[in-house]
Amino acid sequence: MAYIGSNIKVELEKTKSAAITVTGISKLAEGVVTASNTLTNGDVVYFIVSAGMVELDGQACRVKSVSGTNFVLEGLDTTLYSTYSAVTCYKVATWETLASAQSIAMPNPAANKIDLTTLLDVVKKYTFGLADAPDGSITGLFAPGAAAELLVTAATNTNGRMVCRCTFQGVAVTVFNAYWSGGAGFDASPNAALTSNISFTPVGKVIHYAS
Amino acid sequence: MSIHSDIVTALAGVASGKVYPDAAPEGVEPPLVLYRRLSYDPLMTLQGYAGLAQSTFLFECWGKPTVSVTAKASALTLAAAVQAAIDASTVLTSRFRVPVTGEEYDVNTMELMEPVQYSFWHS
């Protein structure tokens, strides 16, 4: 299955729900959250962790298998995470489409190479650590004052996080939470549409859903 | 308004109104202007068409010698009039003059064509 750079919708978190009080999160191949909630399958949530399962802090994830007070974190393996202690959850209530986006890129960073070479060694020795968070960018038509651009500006000014959802050809979906920088610069060239650039750095994992 | 009708409006006062798309009607003599679209480039975003496109048009300014003027001078005068009309137009606001090469000379009719090329942003 190939995805084409067409009919790609980039959406930004516009509003969030009231805080959802979490009472437990399991450590499973797909974590199960216990919380009094009114979520439905396909909702996107994110977490604020004050103690315990710190790996989940800021993580955005799609919800599936909502049943009673439980829901499953689709595609998020919490097996090796710290034990749950204190977590608040928010649902992304409404989205704003970044209609001006012309390209989005988020290259995979290489794993960190840690040099273990000593003075006695005759060849370099390395061990490899975790990769840095990927830095991403969105280039699009310059649209000052547009609703999505204002959200980016607000997130930039407050150093706040904002969830992004990309839908590819109406089928595949990518979800991540990120820090954002944008809303000020632009690029003007003769006889070309003005463009501007948005930079972002995801928090937690970027999760891809095939459908 | 379409880009074609905007061009007609902008050039209404040029060459005594002898401005035609693609080809002149039979029997119409230069000086006259023929125009045609060379390219159409829609502005796209990741979602789709952004509602604007860039079209490049070639304006062939055909001059003809008279007792007092050469074909070259006639064509150059006409080309300058086309440029002035487009640059002064209030309907072709997103215009951009682009490089163009090659004039044409018809040895049989002694008519000379001076090309003018513009790119326009339009909906």
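## A quick briefing

Over all chains, the structure holds 13 salt bridges. Keep in mind as you read that this is a predicted model.

**A salt bridge to find**

- Start with Asp43(A) and Lys91(A), whose side chains meet in a salt bridge at 3.8 Å, N to O.
- This pair links distant parts of the chain, as the two residues are 48 residues apart.
- Asp43(A) sits in the loop between strand 3 (32–35) and strand 4 (44–51) of chain A, while Lys91(A) belongs to strand 7 (residues 86–97) of chain A.

**Where chain A meets chain B**

- The contact draws on 17 residues of chain A and 10 residues of chain B.
- About 1100 Å² is buried between chain A and chain B, and carbon and sulfur atoms give 58% of that area.
- On the chain A side, the residues that lose the most area to chain B are Ile8(A), Gln102(A) and Asn191(A), which together make up 47% of what that side buries.
- Two elements of chain A, strand 1 (8–16) and strand 8 (101–105), each give two or more residues to the side that touches chain B.
- Strand 8 of chain A supplies the largest share of that side, with 4 residues.
- Sorted by class, the chain A residues that touch chain B are 9 nonpolar, 7 polar and 1 charged.
- How many salt bridges cross the interface of chain A and chain B? The rule finds 0 there.
- Polar contacts do turn up between chain A and chain B: the count is 8 residue pairs, with both residues at pLDDT 80 or more.

**The largest pocket**

- The volume of the largest pocket is about 570 Å³.
- Its lining is made of 23 residues, and the ones nearest the centre of the pocket are Pro134(A), Pro202(A), Gly204(A), Lys205(A) and Val206(A).
- Strand 8, strand 10 (126–131), strand 12 (161–168) and strand 14 (195–209) of chain A each give two or more residues to this lining.
- Which strand gives the largest share of the pocket lining? That is strand 14 of chain A, with 5 residues.
- By class, the pocket lining divides into 15 nonpolar, 5 polar and 3 charged residues.

**The largest cavity**

- The structure holds 1 cavity of 30 Å³ or more, and the volume of the largest cavity is about 50 Å³.
- Residues that line the largest cavity include Leu98(A), Ser100(A), Ala101(A), Glu149(A) and Asn197(A).
- The elements that give two or more residues to the cavity lining are strand 11 (136–141) and strand 14 of chain A.
- Strand 11 of chain A gives the most to this lining, with 4 residues; Ile138(A), Thr139(A), Gly140(A) and Leu141(A) are among the lining residues.
- The cavity lining has 5 nonpolar, 5 polar and 1 charged residues.

**A look at chain B**

- Chain B is built with 2 helices and 6 strands.
- If you read along its sequence, chain B follows the pattern α-β-β-β-α-β-β-β.
- The C-alpha trace of chain B spans about 60 × 25 × 25 Å along its principal axes.

Terms used: Residues numbered from 1 in each chain as written. Chains lettered and ligands numbered in written order. Predicted model: local features only at pLDDT ≥ 70, side-chain atom pairs only at ≥ 80, totals over all residues. Heavy atoms only, no water. Contact = heavy atoms within 4.5 Å. Buried area = accessible area lost by both parts, 1.4 Å probe. Salt bridge = Lys/Arg side-chain N within 4 Å of Asp/Glu carboxyl O. Polar contact = N/O pair within 3.5 Å; in protein donor to acceptor, adjacent residues only side chain to side chain. Nonpolar A, V, L, I, M, F, W, Y, C, P; charged D, E, K, R; others polar. 1 Å grid on protein atoms, 1.4 Å probe; cavity = no way out; pocket = protein on both sides within 12 Å on 5 of 7 lines; lining within 4 Å. Points joined across faces, edges and corners; volume = space filled by probe spheres on them.
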